[in-house]
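Hi,

Here's the structure I promised to pass on.

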Amino acid sequence: MPKLKQRKDGGYFIHKPGDANPVNTFQVTDEGAEIALSSGCELEESFPDELFYLLHDLGHLSTKGTDTEDTGFEKIRNLDWAVKELSLEDRVQVAIQIAETHGVRQLLEGDAAEWIFNLTGKSPAFLEPLVRTISEETGYCYETIREYNTYRWPSEKLLETAFSAYLQTEALRTKKFEQSENVTGSNEVLGTDGEFVYIELGETPRQGYDIAGEIPESVPEELENRIGEVLWESIGIAAFAELSRIEIRSRYGVDDGMVLPRERLQDLPVDVPPRSDLTEQYEAFRLLQNHVNRVLSSPAAGVEHGDGSPCDQWYNQVQERLQAGSSGEKGSGEQQAERVDHSAQLYRDCFGDGDKVTDFVCINMSQPSESQQLKLFPFGIFDQEEDIKVPVAPDSGDPLPVYPQSQYALDQAIELLDEFSAKPSTGTHA
């Protein structure tokens with residue numbers, strides 16, 4: 001049986017002795033090592049051949065920096081997907097690691113699909129972690145998938161239901177929405193979690209927006225039939241309309257709705273607020289203030305609220321534009337509440353992740369200047385992976401600072417702030 005080992009440089013390799021293959025040492029990617037370790041095996045311990053072949057199928061093995069096509073590898077391959085050496089819990093963890101490394105779609109292809117087939121029909125008590133992982137790419141929570149499974153099927157088809165929900169979501173990303181004539185009522189955005197938007201369907205009669213997915217041709221026949229038992233019958237019952245209803249009721253307490261990938265929001269007949277200079281300026285200042293607050297709240301920065309430092313004064317300047325206003329005009333927060341018909345929260349839901357706007361078109365946003373980044377990241381206030389954006393002054397084209405450290409830098413920052421209109425256009429007037 002193969003063993004996972006670690007090189008002195010921190011990388012990994014697998015030694016697979018005792019077979020006819022002339023090559024029995026394989027380099028393995030870090031991701032492949034994580035998949036192997038997720039099965040419960042430790043370094044220097046043997047693990048099942050089936051997992052070794054799975055790593056090969058996923059492209060994680062090589063010999064001397066090359067692929068395994070010319071090593072006689074295929075001649076030693078004799079898959080036995082009974083996987084007797086691993087517990088059900090360990091096999092679930094391997095599947096989770098594959099999904100996190102390659103995406104849920106990979107679980108439906110190649111040897112990974114064979115691995116998944118052996119998990120179908122198992123108890124939800126074992127499958128819950130895997131179904132939760134799949135659900136993260138569907139817009140549905142685990143509890144919704146579990147309730148729908150219980151509602152529709154006398155036997156356990158939890159994993160098949162999760163994959164059906166995933167395939168439905170993938171279809172919603174590309175398929176065209178059909179709408180009947182003589183429709184009354186309207187659809188409204190209820191909220192978002194960033195990737196998905198949750199919509200109340202107020203149209204009468206209810207439109208068939210809950211498009212069903214299709215099983216890819218690459219899915220092995222046995223697994224296709226298992227998933228098809230759920231997916232194909234669900235197509236006959238309004239294509240998961242009830243699955244969407246369960247999710248919407250649970251989140252927002254309304255009777256009917258759907259879960260939609262956010263990139264399709266503009267393609268669905270739904271009330272979306274018009275783009276607004278005022279709302280985006282309010283949201284851009286609000287985002288900047290949050291960045292400055294993180295600096296003032298960090299012990300590493302050496303500044304804090306109320307200390308009178310340039311950074312503290314800068315926070316107050318931004319807050320003044322949000323609350324008190326300038327040039328005789330009200331603050332942008334009060335203007336947002338009075339001068340437009342839509343709420344800032346709805347704008348965040350439609351053009352952001354629910355917490356903040358991420359898709360600005362009226363206000364230019366950019367990363368902080370290089371000098372600002374050199375000040376911010378060494379403190380550990382922001383992670384290197386974070387996509388930190390700040391408003392760009394409309395006349396000079398300079399990004400507003402997050403952490404001014406001198407009176408001169410503060411004065412420059414205020415000049416940039418003054419470039420923004422005290423009374424931005426609204427896009428729609430109350």
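Gln97 is buried, at 16% relative accessible area (buried is under 20%, exposed over 50%, partly exposed in between, with a 1.4 Å probe and protein chains only). Gln97 sits in helix 3, residues 88-102 (helices are DSSP runs of H or I with at least four residues, numbered from the N terminus). Beyond its neighbours within four places in sequence, Gln97 touches Glu34, Ile35 and Ser38, contact meaning heavy atoms within 4.5 Å.

Bear in mind that this is a predicted model, where local features need pLDDT of at least 70 and side-chain atom pairs pLDDT 80 or more, while totals for chains, interfaces and linings use all residues. Residues count from 1 along each chain as its sequence is written, and side-chain values use heavy atoms, leaving out hydrogens and water.

Now the salt bridges (a side-chain nitrogen of Lys or Arg within 4 Å of a carboxyl oxygen of Asp or Glu): the whole structure has 23. One of them joins Glu280 to Arg275, with the closest N and O atoms 3.2 Å apart. Glu280 is buried at 0%, whereas Arg275 is partly exposed at 26%. Arg7 pairs with Asp9 at 3.1 Å; Arg7 is partly exposed at 31% and Asp9 exposed at 61%. There's also a salt-bridge network linking Glu170, Arg173, Glu195 and Glu263.

Cheers

Technical notes: Helices (H or I, at least four residues) and strands (E, at least two) are DSSP runs, numbered from the N terminus.
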